[in-house]
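Please read it alongside the sequence and the coordinates.

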Amino acid sequence: MSTIEELKVFTGNAHPQLARDVCDYLGIPLGESETFKFANDNTFVRIGENIRERDVFIVQPTVAPTNDNLMELLIMIDACKRASAGRITAVVSYYGYGRTDKKDQPRVPITARLVADLITTAGADRMLTLDLHAGQIQGFFNIPVDELTAEPLLSNYFAEKGLEDLVLVAVDFGISKRARDMAGRLGVPVAVIEKRRTANDDRSETLNVIGDVRGKRALTFDDEILTGGTIVNAANALLEAGVTEVFCCATHPVFAPAAPRLLKESAFKEVVVTDSVPLSPDQKVNNLTVLSIAPLIGEAMKRIHEGRSVGELFQ
């Protein structure tokens with residue numbers, strides 16, 4: 001069996017703190033590399049140590065600036081491939097363009113598939129990711145994909161709080177299956193927010209609450225928070241339906257500029273997210289709690305490196 005010293009972790013500029021935290025969990029140093037732009041805006045990558053026949057993991061969520069970070073990932077993969085790495089795993093804790101996963105109107109792209117093709121063509125041998133926007137994105141890859149989930153991390157956090165009369169609320173029908181899974185972990189009932197998109201942007205109109213929520217504490221659940229409008233509308237609808245307190249949890253805090261203020265001023269007693277994407281100090285408002293995914297990512301990387309089951313992490 002391979003030793004942990006043969007595992008190498010590198011990072012671009014997207015989320016170096018996550019890479020450092022993963023390396024701390026694994027007890028290994030972060031790999032030496034440099035990634036920068038020339039004056040002509042071209043990205044350059046140099047791997048600063050020997051990785052021949054090594055098991056290489058590149059930690060690089062494709063967050064804003066999405067296109068820059070995606071190009072960094074692709075160029076880092078190519079650099080490692082040309083340095084004769086034994087195996088290259090793209091560790092994309094947040095998969096950008098994941099919302100564009102189907103052709104739901106005429107003459108539009110399926111960009112989630114295009115990004116999968118780019119990562120594969122660049123030379124990645126495996127993909128490690130967290131809570132994809134849609135499960136079918138795994139099928140866009142012709143390489144093995146390990147999709148982790150933050151559901152146990154989030155559910156354990158709320159289980160330890162010991163909230164009574166709790167109901168888990170899916171903010172739309174698309175997330176309802178994951179919401180049922182999380183509700184099963186917590187041993188609580190499920191409700192669903194029915195909503196309708198009003199445009200091709202990120203605005204939505206909340207319609208009504210399906211399920212018994214009156215007199216209970218509500219925990220809304222979604223895979224990501226962008227503008228914050230969807231979950232804030234959900235919180236308001238739940239309060240109108242007779243909920244006593246509202247909490248929120250989501251995996252990816254992909255905050256638009258106005259989102260932190262909107263969450264801070266909302267009815268949410270607490271908003272719990274993970275550090276799958278980096279957050280600046282001014283985004284960490286007083287009702288926001290950030291949970292670390294470094295142990296989850298690190299353990300998955302260790303298991304991949306040693307040829308053990310990743311699925312056992314969630315059994």
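A disulfide is defined here as a pair of cysteine sulfur atoms within 2.5 Å. By that criterion the structure holds zero disulfides. The model is predicted, so local features need pLDDT of at least 70 and side-chain atom pairs count only at pLDDT 80 or more, whereas totals for chains, interfaces and linings use all residues. Residues are numbered from 1 along each chain as its sequence is written, and side-chain values use heavy atoms, with hydrogens and water left out.

**Cysteines**

- The closest cysteine sulfur to that of Cys-248 belongs to Cys-249 and is 6.4 Å away, which is too far for a bond.
- Cys-248 is buried, with a relative accessible area of 0%; buried means under 20% relative accessible area, exposed over 50%, and partly exposed in between (1.4 Å probe, protein chains only).
- Cys-249 is likewise buried, at 1% relative accessibility.

**Overall fold**

- The protein chain contains eight helices and 14 strands; these are DSSP runs numbered from the N terminus, with helices being H or I of at least four residues and strands E of at least two.
- The radius of gyration of the protein chain is 20 Å, which agrees with the value near 20 Å for a compact globule of 315 residues. This radius is taken over C-alpha atoms, and the globule rule is 2.2 Å times the number of residues to the power 0.38.
- Along its principal axes, the C-alpha trace spans about 60 × 45 × 35 Å.
- Of the 315 residues in the protein chain, 52% count as buried.

**Annotated domain**

- An unreviewed UniProt entry lists residues 7-123 as "domain: Ribose-phosphate pyrophosphokinase N-terminal"; UniProt positions follow the numbering used here, feature names are shortened, and annotations may be inferred rather than shown by experiment.
- Residues 7-123 are 34% helix and 22% strand, and the end C-alpha atoms of this span lie 18 Å apart.

- A search of the whole structure finds one cavity of 30 Å³ or more. A cavity is a set of points, on a 1 Å grid over the protein atoms alone, where a 1.4 Å probe fits but cannot get out, and lining residues have an atom within 4 Å of a point.
- The largest cavity holds about 60 Å³ of space, where grid points are joined across faces, edges and corners and a volume is the space filled by probe spheres set on the points.
- The lining of the largest cavity includes Tyr-94, Tyr-95, Asp-131, His-133, Glu-224 and His-252.
- At least two lining residues come from each of β6 (126-130) and β11 (217-225).
- The lining divides into four nonpolar, four polar and three charged residues, where Ala, Val, Leu, Ile, Met, Phe, Trp, Tyr, Cys and Pro count as nonpolar, Asp, Glu, Lys and Arg as charged, and the others, Gly among them, as polar.

**Backbone exceptions**

- Most residues other than glycine have a negative phi, and most peptide bonds are trans.
- The peptide bond from Ala-64 to Pro-65 is cis, with omega near -5 degrees; Pro-65 is found in the loop between β4 (55-59) and α2 (66-82).
- Glu-53 has a positive phi, near 65 degrees. This residue, Glu-53, is in the loop between β3 (43-47) and β4 and is exposed, with a relative accessible area of 62%.
- Ser-84 also has a positive phi near 65 degrees. Ser-84 lies in the loop between α2 and β5 (87-92) and is partly exposed, at a relative accessible area of 23%.

Notes
1 Å grid on protein atoms, 1.4 Å probe; cavity = no way out; pocket = protein on both sides within 12 Å on 5 of 7 lines; lining within 4 Å.
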